[in-house]
Amino acid sequence: MSRLETSSLFQLTSMRFRLFLREPEAIFWTFIFPILLAVGLGIAFRNRPADVLQVGATTPQLTQALARDKGLSASTMDQAAGTHALATGAILLLAIETPTGVSYQFDDTNPDARNARLIADRAVQAAAGQQPSVLVENQLVHETGARYIDFVVPGLLGMNLMGSAMWGLGFSIVEARQKKLLKRLVASPMPRWQYLASFLLSRLVMLVIEVAAFLGFARLVFGVPFRGSLAQLALLCVLTSLAFSALGLLVSSRAKTMEAASGLMNLTMLPMWILSGVFFSASRFPAVVQPFVRALPLTAAIDALRGNMLQGLSLPQMTAKVGILSAWLVVAFAVSLRIFRWR
Amino acid sequence: MTATPSTTSPAADRQTPSLLLRGLRKAFGDVAAVDGIDLDVARGECFGLLGPNGAGKTTTIEICEGLTEPDAGTVELLGFNWRSHAGELRQRIGIQLQETQFPDKLTVEETLRLFRSFYRRGIPVEESIRTAQLEEKRNARVGGLSGGQKQRLAMACALVGDPELLFLDEPTTGLDPQARRHLWDLVDQLKQAGRTIILTTHYMEEAERLCGRVAIMDHGHIIALGTPQQLIASVGGEHIVEFAVAGAGSSHARVDAALLAALPGVQSHRVDAGLHQLSVGELHTAVPRIFDALAHQGLHLSELRTHSASLEDVFVGLTGRTLRDE
């Protein structure tokens, strides 16, 4: 047997890998689910090209004038058909040629209809030979990094780091306790710190695969930007994962049954799913609860991940967030070591 | 099997008892689970703690294993105590706990390799697999093993560190008779290899079959201690005659117990729910006398059984209860 084979830390860590890889559900939730979620959200919130507005006109000349604007799609119809098309929403505006000029029929409570009115009028005036009195120029901005998918990818990453660390640690420990395996292990000469260290080691290796797969996907498919240092991003992921591992250890340090552990786990994670700004910005919550929201580890993690990926901030620029994560790591780990139930 | 390790420690002296307990006490809330136990187990002994569920066997053995802290008393294993030499002791004892479930998705070999890695020295994993007769199941997942195979795996995990002292807590509880006999053979092998074994059981036949000496426990006390033969002899006879008379209810009151007990060859008499139990030295002389005595009293037998006296009868004689009616 090689030296590695006889090392208990190696054996314990291999056990963690084997147990993880032989659990198909765990693989799905850790690796596949976050990617599916990103795909779903990416499709739902994709940026559409600027809408072309449907309008109608009573004469071919008027239709021609309107169609000259790229923002409009115009068709010719008589007034009765036009009124009907308006009522059914097929068109937003009907331009009627009158002896004195043009009359617009539209619903002024509908923002799209008001837009159609502005564009149509501009087109009609231009066709009549009106020149703009001020020369203007349009600069179109479709910047990556400001889209919803760019916002949500760091959020999902943070959420996934939380889930895999907490479930990975918490569930295995409580299961081992419930099945008296924990008791059997401490009845052997196994160094107790190695048991806990094996979780952290396996977590770190899994983390590499998990984060690389998810972010790689986000980069290739959605072109999500990485503006900050990749090394610091990796460091942030490790810190986040360790902080949530410590929290998972704390949650599972006393629970004797899986049911109790699941309850505690959800109780811990649910507020963070809602409050920590995974899907929308945490700053939408009222000012009174902001200090609480900011102190949550997931808020700190997601804010820091967004800071790195979207704003290109370096770690020294985010000391508060890194500090909050580190504090959670140290306090949760210290408390759980103190109260941990080995049997 | 590798020989018992040579070590320079004076504690390895053959004179030091493997286990020494003095004034051991442990209470859970108001219940005294272990209530003043003194015990010595010599090297190479196979010692049994026998008693009904709730007698305090598991608490006692877990205190010995260093898993439970006693409220009072001294525990010494191989001349060491848990306070000062926990690390050393963990290396030198092997433990099988009641109802440990090893991870279902590991194989037998992986599980043993894991446990082997905890010990500085021990037997090769292959040898532990052979000893536990799990060769065919080496690459099988633990989740697919039968109850008996799981128990043998637990035993193999206790053996990989080549322990000087082996604790087995109810090793055959819940196994079918064939799996139980299989495990007994395994314990026999370990005894022959000269290991000290301390086991708990609530099966008297298991204690009789395996143990050189037995302590019978009840309500946290040791109520009898000795070889199975000594304990059985203490009942007074080698055989037990059980009978009931026809016309139960009031009729059994007419059986003259004093007369029966006074018969030559009858050592004791007790009655439990209409069933009379006599312990006798020789069946072939005592039974005809009992028949005669009953006939004289005008009684007719409705039931008659005899069996060799066992530890069960010792327990019944001491407590008035059977081992299993808890």
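This is a predicted model: local features need pLDDT of at least 70, side-chain atom pairs count only at pLDDT 80 or more; totals for chains, interfaces and linings use all residues.

Guide: Residues are numbered from 1 along each chain as its sequence is written, while chains are lettered from A and ligands numbered from 1 in the order in which they are written.

Visitor: How many residues does the contact take from chain B and from chain A?

Guide: Two residues are in contact if their C-beta atoms, placed from the backbone, lie within 7 Å. Here chain B contributes 21 residues and chain A 19 residues. On the side of chain B that touches chain A, helix 2 (82-92) and helix 3 (108-116) each supply at least two residues; helices (H or I, at least four residues) and strands (E, at least two) are DSSP runs, numbered from the N terminus. Helix 3 of chain B gives the most to that side, with four residues.

Visitor: In what sense do strand 1 and strand 4 of chain B pair?

Guide: Two strands pair if DSSP finds at least two bridges between them. In chain B, strand 1 (residues 19-28) and strand 4 (residues 72-77) are antiparallel, over five bridges; B:Arg22 has B:Thr74 in strand 4 as its bridge partner. Strand 1 of chain B is also joined to strand 2 (residues 31-41) of chain B, antiparallel, by eight bridges, and there B:Leu21 is partnered by B:Leu39. The hairpin of strands 1 and 2 of chain B has two residues between the strands, and in it B:Gly29 takes a positive phi near 65°.

Visitor: Is B:Asp162 buried or exposed?

Guide: A residue is buried if 20 or more other C-beta atoms lie within 10 Å of its own, exposed if 12 or fewer, and partly exposed in between, with C-beta atoms placed from the backbone. B:Asp162 is buried, because 22 other C-beta atoms lie within 10 Å. B:Asp162 is in the loop between helix 5 and strand 6 (165-169) of chain B, and its phi is near 50°, a positive value in a residue other than glycine.

Visitor: Where is B:Gln133 placed?

Guide: B:Gln133 belongs to the loop between helix 4 (125-131) and helix 5 (147-159) of chain B. Its phi is likewise positive, near 50°. B:Gln133 is partly exposed, because it has 16 other C-beta atoms within 10 Å.

Visitor: Which domains does the assignment give for chain A?

Guide: Domain bounds come from an automatic or database domain assignment. For chain A it gives domain 1 (3-45 + 144-339) and domain 2 (53-127). The centres of these two domains of chain A, taken over C-alpha atoms, are separated by 55 Å.
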